[in-house]
Amino acid sequence: MPRCARRHGLPVGKGSRDKVCGVSAATTPPSPGRQGLAPPPDAAAPVRHPDAPAPGEPLGSHYDGCFGCGTGQPHGLHMAITAGEGVCVTAEFTVRPEHQGAPGLAHGGVLAAALDETLGSLSWMLRVIAVTGRLESDFVRPVPVGTTLHLTARCTGVAGRKIHSTAEGRIGGPDGPLAVRADALFIKVELDHFTRNGRAEEIKAALADPDQVKVARAFEVNP
Ligand SMILES: CCCCCCCC/C=C\CCCCCCCC(=O)SCCNC(=O)CCNC(=O)[C@H](O)C(C)(C)COP(=O)(O)OP(=O)(O)OC[C@H]1O[C@@H](n2cnc3c(N)ncnc32)[C@H](O)[C@@H]1OP(=O)(O)O
């Protein structure tokens with residue numbers, strides 16, 4: 001059993017059967033109000049793209065300046081995100097002093113950003129470009145500065161342009177205490193979503209960067 005499968009909570013032994021890709025499965029009932037983001041009954045099951053990164057492969061950054069994953073973003077979360085099995089990803093985020101809300105504790109908006117980034121990274125597995133339409137977060141436990149949050153996200157269904165997904169973050173390790181969770185609806189967009197709406201100077205720089213263009217092309221290949 002690969003380490004990655006273990007990390008994703010695939011059935012490797014006692015206690016892991018209620019998880020799919022490390023995210024608690026249907027055995028955990030959604031809290032009131034969260035049902036709205038469950039995929040509709042006629043949604044298609046998510047399909048991993050044949051060219052998706054292999055399980056365990058680091059995804060890298062989709063954009064160097066991204067607040068979540070960009071290595072060139074000094075104010076960012078510097079998240080390390082990894083391809084999982086199926087349409088799943090895992091991520092790690094270490095809470096730094098600049099992420100505080102209350103003394104010594106992570107700000108909820110920063111934690112929501114970490115969940116958003118993890119969920120957004122499912123795009124690599126589907127090979128579609130998608131942006132967050134709706135994100136509902138539950139903050140279950142305070143997350144102290146210095147903590148490494150272990151996040152997992154999985155796609156739960158696809159209905160036309162609508163991509164339904166769910167994520168959770170655990171303290172200190174993949175099987176640590178649950179701290180945050182979220183359900184999301186991402187909407188598939190074309191590349192021109194960014195060129196039409198982004199500030200001209202960043203768009204110009206991105207289009208002039210061959211590495212960035214390569215990433216954009218990788219997402220565009222999806223039929
Ligand atoms: C030049 C180089 C570029 C390089 C790029 C490299 C590749 C990049 C790869 C990947 C980048 C990903 C980045 C990840 C970062 C982390 C994720 C984020 O934080 S993303 C930022 C936050 N989100 C937004 O800024 C969205 C802002 N909103 C919008 O732009 C629009 O509202 C949008 C696109 C989401 C939808 O607008 P519509 O006009 O296209 O489509 P409509 O018809 O309104 O919606 C389609 C369907 O979705 C439902 N829908 C839309 N929003 C909904 C909502 N909030 N709740 C429920 N349903 C919603 C609608 O009801 C409709 O459903 P029915 O088809 O009729 O059944």
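The shell around the ligand in this predicted model divides into 13 nonpolar, 8 polar and 5 charged residues. It holds 26 residues, and the closest to the ligand are Gly120, Val131, Gly133, Arg134 and Ile187. The elements that contribute two or more residues to this shell are helix H2, strand S5 (130–139), strand S8, helix H4 (192–197), helix H5 (200–207) and helix H6 (210–220).

**Overall layout**

The chain contains 6 helices and 8 strands. Read from the N terminus, their order is α-β-β-β-β-α-α-β-β-β-β-α-α-α. Of the 223 residues in the chain, 35% are buried. Among contacts between residues at least 6 apart in sequence, 66% join residues that are at least 24 apart.

From the UniProt record, an unreviewed entry, comes the feature "domain: Thioesterase" at residues 104–170. In the model this span is 27% helix and 46% strand, and its end C-alpha atoms lie 18 Å apart.

In soluble globular proteins, nonpolar side chains tend to be buried together. The largest nonpolar core here has 41 residues, and Val89 and Ala114 touch the most other members. Two or more core residues come from each of strand S3 (80–83), strand S4 (88–94), helix H2 (108–120), helix H3 (122–126), strand S6 (148–159), strand S7 (162–171) and strand S8 (178–188).

What does Ala114 touch, leaving aside residues up to four places away in sequence? Its contacts are Gly68, Leu77, Met79, Phe93, Leu149, Leu151 and Gly169.

Why is S6 described as largely enclosed by the rest of the structure? The reason is that 9 of its 12 residues are buried, where buried means that 20 or more other C-beta atoms lie within 10 Å of a residue's own.

S6 pairs with S4 in the antiparallel sense over 7 bridges. Within this part of the sheet, Thr94 stands opposite Thr148 in S6. S6 also pairs with S7, again in the antiparallel sense, over 10 bridges. Here Cys155 has Ser165 in S7 as its bridge partner. S6 and S7 form a hairpin with 2 residues between them. Gly160, in the turn, has a positive phi of about 60°.

In a regular strand the side chains alternate between the two faces of the sheet.

The cut-off for a buried residue is 20 or more.

H3 gives two or more residues to the core, while S5 gives two or more to the shell around the ligand.

Definitions and conventions:
Residues are numbered from 1 along each chain as its sequence is written. This is a predicted model: local features need pLDDT of at least 70, side-chain atom pairs count only at pLDDT 80 or more; totals for chains, interfaces and linings use all residues. UniProt positions are given in the numbering used here, feature names are shortened, and annotations may be inferred rather than shown by experiment. Helices (H or I, at least four residues) and strands (E, at least two) are DSSP runs, numbered from the N terminus. A nonpolar core is a set of buried Ala, Val, Leu, Ile, Met, Phe, Trp, Tyr and Cys residues joined through C-beta atoms within 7 Å. Two residues are in contact if their C-beta atoms, placed from the backbone, lie within 7 Å. Two strands pair if DSSP finds at least two bridges between them. A residue is near a molecule or strand if its C-beta atom, placed from the backbone, lies within 6 Å of it. Ala, Val, Leu, Ile, Met, Phe, Trp, Tyr, Cys and Pro count as nonpolar, Asp, Glu, Lys and Arg as charged, and the others, Gly among them, as polar.
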